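Please examine the sequence and the three-dimensional structure shown below. The paragraphs that follow lead through the structure step by step.

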Amino acid sequence: MPEKITIEKGSVQETLIIPLYGRKLCAEVFPKLYTDPSAAKICSRLDYDFSSLDKQANSTFWRFGALEAAMRQLDMQWEINDYLASHPAAAVINMGCGLDQTGRACDNGTCRIYNVDMPDIIEAREQLSPAGERELNVASNLNDFVWMDQVDGSAGAVFFAAGVFHYFTEGQARALVNELAERFGGCRIVFDTVGKLGKRLMRTTFKNFGMENYDECLAVDDPTVLRSWCPKAAVSWRGYMLGYYPMDDPAVTGLHRFLARLCDGAVKMRINRFDVA
Ligand SMILES: C[S@@+](CC[C@H](N)C(=O)[O-])C[C@H]1O[C@@H](n2cnc3c(N)ncnc32)[C@H](O)[C@@H]1O
């Protein structure tokens with residue numbers, strides 16, 4: 001039996017459990033919409049008490065949470081595949097990767113995959129699924145820009161962050177985007193945000209994971225403000241739940257669709273894209 005891997009409790013790193021479990025659940029409940037062979041396997045290797053999550057797994061709201069995790073990953077994959085269509089040997093960089101395998105899901109056989117996260121998560125990743133050919137795991141705080149030295153963007157670069165920018169202040173998010181734009185001309189940067197209402201709804205998550213800087217963290221109500229972040233980039237955005245795919249699966253209920261519209265509308269959940277000149 002391989003050794004079980006521990007994720008530190010009460011830390012920003014522990015936030016990876018929610019989307020990981022969500023993807024596992026979504027693949028079980030909505031198989032026509034989403035498949036993710038890695039999520040269940042990785043959950044089984046973690047020394048983590050999933051019992052409270054398992055108890056809620058049949059509830060409509062928890063299933064909707066699983067849909068959120070899966071739709072975001074599908075949205076990111078759409079953006080990566082779209083970029084790779086014109087830059088087949090590009091670098092694909094998963095910023096705040098957690099234990100997610102989106103880079104591999106988009107592997108076209110010629111791109112290079114980078115996974116960046118805090119050192120303990122990268123160590124866990126190396127044990128669970130060591131970096132493959134054309135893949136590099138980078139242990140670094142994203143806000144310490146030296147990690148970018150390791151990325152070869154000579155054939156293009158698509159950077160994406162799923163569920164990560166919520167934990168940054170606006171200043172940190174802007175600085176990261178600007179540094180990427182300065183260093184990697186022609187790159188694409190994709191990340192999700194929520195509006196102020198969404199941030200209020202996430203308060204419990206922040207508290208549960210021991211994060212005290214909740215009030216300072218990023219919320220984007222009006223996406224046009226993102227245009228002022230980086231004058232070198234064309235900025236666009238889409239709804240997170242329904243902006244890319246229609247959520248087709250017989251197990252998706254009317255209530256799920258209503259909640260999806262609410263998330264894309266009032267909660268202002270969005271996927272934002274910067275195409276840098
Ligand atoms: C909600 S999880 C999302 C994980 C993954 N993107 C996914 O979709 O499954 C947030 C991830 O961002 C990472 N993270 C947050 N702040 C970070 C920072 N400043 N530098 C590096 N990683 C960070 C956490 O360690 C965690 O793995």
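Does arginine 273 count as buried or exposed? The model considered here is a predicted one, and in it the relative accessibility of arginine 273 is 16%. Because a residue is called buried when its relative accessible area is under 20%, arginine 273 counts as buried. Arginine 273 belongs to strand 7. The side chain of arginine 273 also has a partner, for it makes a polar contact of 3.0 Å with the side chain of glutamate 79.

Strand 7 comprises residues 270-276, and 6 of its 7 residues are buried, so that the strand is mostly covered. Strand 7 pairs with strand 6, which comprises residues 233-239; the two are antiparallel and are joined by 7 bridges. Within this pairing, alanine 233 stands opposite valine 276 of strand 7. Strand 7 is also joined to strand 5, again in the antiparallel sense, by 6 bridges.

Strand 5 itself deserves attention. Strand 5 runs over residues 188-193 and is mostly covered, with 6 of its 6 residues buried. In a regular strand, the side chains alternate between the two faces of the sheet. In strand 5, Arg188, Val190 and Asp192 point one way, while Ile189, Phe191 and Thr193 point the other way. The residues of both sets are buried.

Phenylalanine 160 has valine 190 of strand 5 as its bridge partner. How does the chain cross from strand 4 to strand 5, and what is the handedness of the crossover? The chain passes through helix 7, residues 170-183, and this β-α-β crossover is right-handed.

Helix 7 contains glutamine 172. Glutamine 172 has a relative accessible area of 29% and is therefore partly exposed. Between glutamine 172 and serine 129 there are 30 Å in space, C-alpha to C-alpha, and the two residues are 43 residues apart in sequence. Another pair may be set beside this one. Phenylalanine 50 and tyrosine 21 are 29 residues apart along the chain, and their C-alpha atoms are separated by 8.5 Å. Phenylalanine 50 lies in the loop between helix 2 (37-45) and helix 3 (51-56), and with a relative accessibility of 11% it counts as buried.

Most residues other than glycine have a negative phi. Arginine 134, however, has a positive phi, near 55°. Arginine 134 is placed in the loop between helix 6 (119-128) and strand 3 (135-139), and its relative accessibility of 28% makes it partly exposed. Methionine 247 also has a positive phi, near 55°. The place of methionine 247 is in the loop between strand 6 and helix 10 (254-264). At 0% relative accessibility, methionine 247 counts as buried.

The ligand remains to be described. Which residues of the shell are the closest to the ligand? They are Gly96, Asp117, Asn141, Leu142 and Ala162, and 22 residues surround the ligand in total. By class, this shell has 9 nonpolar, 9 polar and 4 charged residues. Helix 1 (17-29) and helix 4 (60-86) each supply at least two residues of the shell.

Several side chains come within polar contact distance of the ligand. For arginine 23, an N or O atom in the side chain is 2.9 Å from an oxygen atom of the ligand. For aspartate 117, the distance from a polar side-chain atom to a ligand oxygen atom is 2.7 Å. Asparagine 141 has a polar side-chain atom 2.9 Å from a nitrogen atom of the ligand. On its own, the ligand has 600 Å² of accessible area, and the protein covers 97% of it.

Conventions:
Residues numbered from 1 in each chain as written. Predicted model: local features only at pLDDT ≥ 70, side-chain atom pairs only at ≥ 80, totals over all residues. Heavy atoms only, no water. Near = heavy atom within 4 Å. Polar contact = N/O pair within 3.5 Å; in protein donor to acceptor, adjacent residues only side chain to side chain. Areas by Shrake-Rupley, 256 points an atom, 1.4 Å probe, with all protein chains shown as cover. Helix = DSSP H or I, 4+ residues; strand = E, 2+ residues; numbered from the N terminus. Nonpolar A, V, L, I, M, F, W, Y, C, P; charged D, E, K, R; others polar. Buried < 20%, exposed > 50% of the residue type's maximum accessible area, 1.4 Å probe, protein only. Pairing = 2+ DSSP bridges. Right-handed = clockwise from strand over helix to strand, strands pointing away.
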